[in-house]
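Welcome! Take a moment to look over the sequence and the model, and then we will walk through a few spots together.

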Amino acid sequence: MEENPFWGSGNLENLADNLRDMLHCPVTIEDVNHRLLSYSSHDSHTDTARINTIIQRRVPEKVINRLWQEGIILKLMQSGEPLRINGIEDIGLGNRVAVSIRKNNEVIGYIWVVDEEAKLSDEQLNLLKMAADSARSELMQIHARKKKKQEGYQDFLWQLLSGHFTTHEAVEEKFRQLNLEIPASYAAVVFKFKEDISNKIEQRIGYIFKMNQHVKVSFFVVVQREIILIVSPYMNNQALSEKEVSGFIRFFKEEMMEKFNAQDILGASGSVYEELNKAVKSYQETQEVIRLSERFPSELKGVSSYPELGILRYLDVIFEKKIKEGYEHPAIEKLVKYDKQNKTNLLETLEVFINNDSNVNDAAKVLHVHMNTLNYRIKRIAAIADINLKNTNEKMSLYLDMKLRRLEESTRL
């Protein structure tokens with residue numbers, strides 16, 4: 001068995017320095033909650049993430065959240081092998097190699113190496129694993145001294161959102177360790193801003209959350225332009241309803257508009273679940289709401305929850321089938337050809353008409369035309385495209401194919 005050169009280093013400070021001398025790269029050692037335990041020296045050229053970690057004695061929140069969002073922390077938790085990490089410029093993080101320090105299958109800390117030129121060899125990566133093995137005993141002592149229920153709230157949220165827990169019971173146990181109230185039901189919520197969230201706004205967000213009387217905000221993190229939350233019932237003995245979540249989303253957007261003139265905030269919620277290990281599913285649903293809302297802003301105006309997406313939830317599956325078959329709706333093809341030859345916009349008129357549930361009055365307002373004008377256009381559309389707009393199945397087919405056409409156009413950009 002290969003001898004570990006780091007046995008007998010004495011303490012974590014010596015270990016960090018010894019590892020730096022062997023790898024010729026700056027080293028930091030953190031506990032499982034990303035608090036700085038020791039660090040080696042570095043030259044004048046190092047990235048801001050390392051500098052801020054040393055100053056604050058903890059990895060900055062924006063760096064932690066981004067590493068979770070990119071799936072990096074989860075990979076470190078799932079494996080004891082060194083992980084190469086490409087630099088993330090917008091959070092001041094250069095190229096890294098990291099390894100988790102483990103007690104059996106439990107992560108109790110991390111070693112991070114600044115590897116700007118991505119040049120560490122396999123032999124050096126093996127040295128990093130040995131250093132993690134050597135650090136285990138001291139980390140175990142530190143880990144044992146800390147009260148788990150006072151730390152790790154943010155990491156716990158990311159573990160929920162990344163699907164780290166596979167059973168309801170495992171999440172329930174973690175709630176108990178952190179001395180947190182176990183929600184009877186919950187949902188993930190995301191607010192997406194047009195620009196990065198400033199420190200000023202971030203400081204006030206928690207206050208706005210506490211002011212609301214729609215839901216209880218159990219956890220939240222800020223990641224650049226997004227706020228990610230887990231919400232539960234405002235009253236402990238009640239179940240969470242989608243109506244309450246939607247009310248909370250409206251409340252927050254109105255407060256942000258009134259207090260900070262923050263416009264065009266997208267709010268999205270996943271489905272409400274009782275099983276605690278389904279937080280990842282609820283979070284993924286919020287991402288789908290945001291993605292589709294950005295692609296179909298008029299159709300999904302006022303929609304904030306995953307169930308409200310309706311048939312658009314299945315658009316990607318239908319799109320794959322359309323691409324595979326190379327199918328084009330003949331009626332749409334006829335209208336596209338007619339519009340091109342006559343410089344008209346009958347296809348747009350048809351889409352607005354169907355979007356508004358065939359309500360001539362509502363569709364005419366959107367198109368800024370008289371109702372009689374719209375009625376004439378609809379008759380022309382039906383004749384040119386040879387379609388029956390009183391047939392629900394035919395209208396649904398046209399609706400989907402028009403959305404698929406727009407989706408296909410957006411993928412070409």
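## A pair of close neighbours

Lys 278 has a relative accessibility of 30%, so this residue counts as partly exposed. Its salt-bridge partner is Glu 275, with 3.8 Å from N to O between the two side chains. Glu 275 is also partly exposed, at 34% relative accessibility. Please keep in mind that this is a predicted model.

Why might such side chains meet at all? Side chains that carry opposite charges can pair when their charged atoms come close. In this structure, the count of salt bridges comes to 21. Some of them share partners: Glu 299, Glu 351, Lys 403 and Arg 406 are joined into one network in this way.

Now let us follow a salt bridge between the side chains of Arg 84 and Asp 115, where N and O are 3.7 Å apart. Is Asp 115 buried or exposed? Asp 115 is buried, because its relative accessible area is 1%, which is under the 20% cut-off. Arg 84, at 42%, counts as partly exposed.

A second pair to find is Lys 192 and Glu 294, whose side chains form a salt bridge of 3.0 Å, N to O. Here, too, distant parts of the chain are linked: Lys 192 belongs to strand β6 (residues 187-192) and Glu 294 to helix α10 (residues 279-295), 102 residues apart. Lys 192 is buried, with a relative accessible area of 15%, whereas Glu 294 is partly exposed at 45%.

Next, find helix α13 (residues 346-355) and helix α14 (residues 360-367). Their axes come within 8 Å and cross at roughly 130°. That angle makes α13 oblique to α14, and the crossing is right-handed.

Which residues of α13 make the contact? They are Glu 348, Thr 349, Val 352 and Phe 353, and they meet Val 360, Ala 363, Val 366 and Leu 367 of α14.

Gly 270 is located in the loop between β9 (266-269) and α10. With a relative accessible area of 4%, Gly 270 is buried. Leaving aside neighbours within four places in sequence, Gly 270 is in contact with Ala 187, Ala 188, Ser 282, Glu 285, Thr 286 and Tyr 306. From Gly 270 to Gly 247 it is 23 residues along the sequence and 14 Å in space, C-alpha to C-alpha.

Asp 386 is in the loop between α15 (371-385) and α16 (392-412). Is Asp 386 buried or exposed? At 61% relative accessibility, Asp 386 counts as exposed, because the cut-off for that word is over 50%. Not counting residues up to four places away in sequence, Asp 386 touches Lys 334, Ile 381 and Glu 394. Pro 330 is 56 residues from Asp 386 in sequence, and their C-alpha atoms are 9.3 Å apart in space.

Conventions: Residues numbered from 1 in each chain as written. Predicted model: local features only at pLDDT ≥ 70, side-chain atom pairs only at ≥ 80, totals over all residues. Heavy atoms only, no water. Salt bridge = Lys/Arg side-chain N within 4 Å of Asp/Glu carboxyl O. Buried < 20%, exposed > 50% of the residue type's maximum accessible area, 1.4 Å probe, protein only. Helix = DSSP H or I, 4+ residues; strand = E, 2+ residues; numbered from the N terminus. Axes fitted to C-alpha atoms, helices over the stretch in contact; angles between N-to-C directions. Parallel < 35°, antiparallel > 145°, perpendicular 65-115°, else oblique. Left-handed = near helix turned anticlockwise from the far one by under 90°. Contact = heavy atoms within 4.5 Å.
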